[in-house]
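Here is my note on the model you sent. Please keep it open beside the text.

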Amino acid sequence: MLIGRILLVLIFLQSGIGKIENFGGTVQYMASYGMPYTNFFLVGAIFFELVGSATVILGYFARFGALLLLIFLIPTTLIFHSNFADQVQMIMFMKNVSMFGGCLILLASGAGRFSLDSLLRSKKK
């Protein structure tokens, strides 16, 4: 579960960091899709990606982190990857659907044995 959690969210972690590094370019990209309030939504996206990734990797409130990533994926997928006439966008859509499935599994099962959640539960006993 630990390796699976890390591999599942590396893309979100890298994406969130990339958004910070290229904030202006990302704002322009979002605006090109007709999004209003791009600065606000971009800050929100960065928060969801980085906090969601960190909690999942650490296994600390991992279900909450998976929920943040699920909430992030819904509008991202529908707004930016719904042009099915473009093969690349179809692939991006399916990639997001797959990550959505992984986050649903994590939401249902929790972080597993090698996690801070598990460690903290065992110390309470």
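**Notes on the model**

1. Start with tyrosine 37. Tyrosine 37 is exposed, at a relative accessible area of 65%. (Exposed means over 50% relative accessible area, buried under 20%, partly exposed in between, with a 1.4 Å probe and protein chains only.) Tyrosine 37 sits in the loop between helix 2 and helix 3. Its phi is positive, about 50°, although tyrosine 37 is not a glycine. (Helices are DSSP runs of H or I of at least four residues, numbered from the N terminus.)

2. A word on the basis. This is a predicted model, in which local features need pLDDT of at least 70, side-chain atom pairs count only at pLDDT 80 or more, and totals for chains, interfaces and linings use all residues. Residues are numbered from 1 along each chain as its sequence is written, and side-chain values use heavy atoms, leaving out hydrogens and water.

3. Phenylalanine 61 also deserves a look. Phenylalanine 61 lies in the loop between helix 3 and helix 4. Its phi is positive, about 55°, and phenylalanine 61 is not a glycine.

4. Next, threonine 55. Threonine 55 belongs to helix 3. Its relative accessibility is 13%, so threonine 55 counts as buried. Which residues does threonine 55 touch, not counting those up to four places away in sequence? They are Tyr60, Phe61, Ala62 and Gly65. (Contact means heavy atoms within 4.5 Å.) A polar atom of the threonine 55 side chain lies 3.0 Å from the backbone oxygen of glycine 52.

5. Now helix 5. Its 23 residues should span 33 Å at 1.5 Å a residue, and the end C-alpha atoms are 33 Å apart, which agrees. (The expected span is 1.5 Å times one less than the number of residues.) Aspartate 86 caps the N-terminal end, with a side-chain oxygen 3.0 Å from the backbone nitrogen of valine 88. Just after helix 5, glycine 110 has a positive phi of about 85°.

6. Which residues of helix 5 are buried? Gln89, Phe93, Asn96, Met99, Cys103 and Leu106 are. Their cover includes helix 1, helix 3 and helix 4. An α-helix has 3.6 residues a turn, so residues three or four places apart point the same way.

How values were computed: Helices (H or I, at least four residues) and strands (E, at least two) are DSSP runs, numbered from the N terminus. A polar contact is a pair of N or O atoms within 3.5 Å; within protein, one must be able to donate a hydrogen and the other to accept it, and residues adjacent in sequence count only if both atoms are side-chain atoms.
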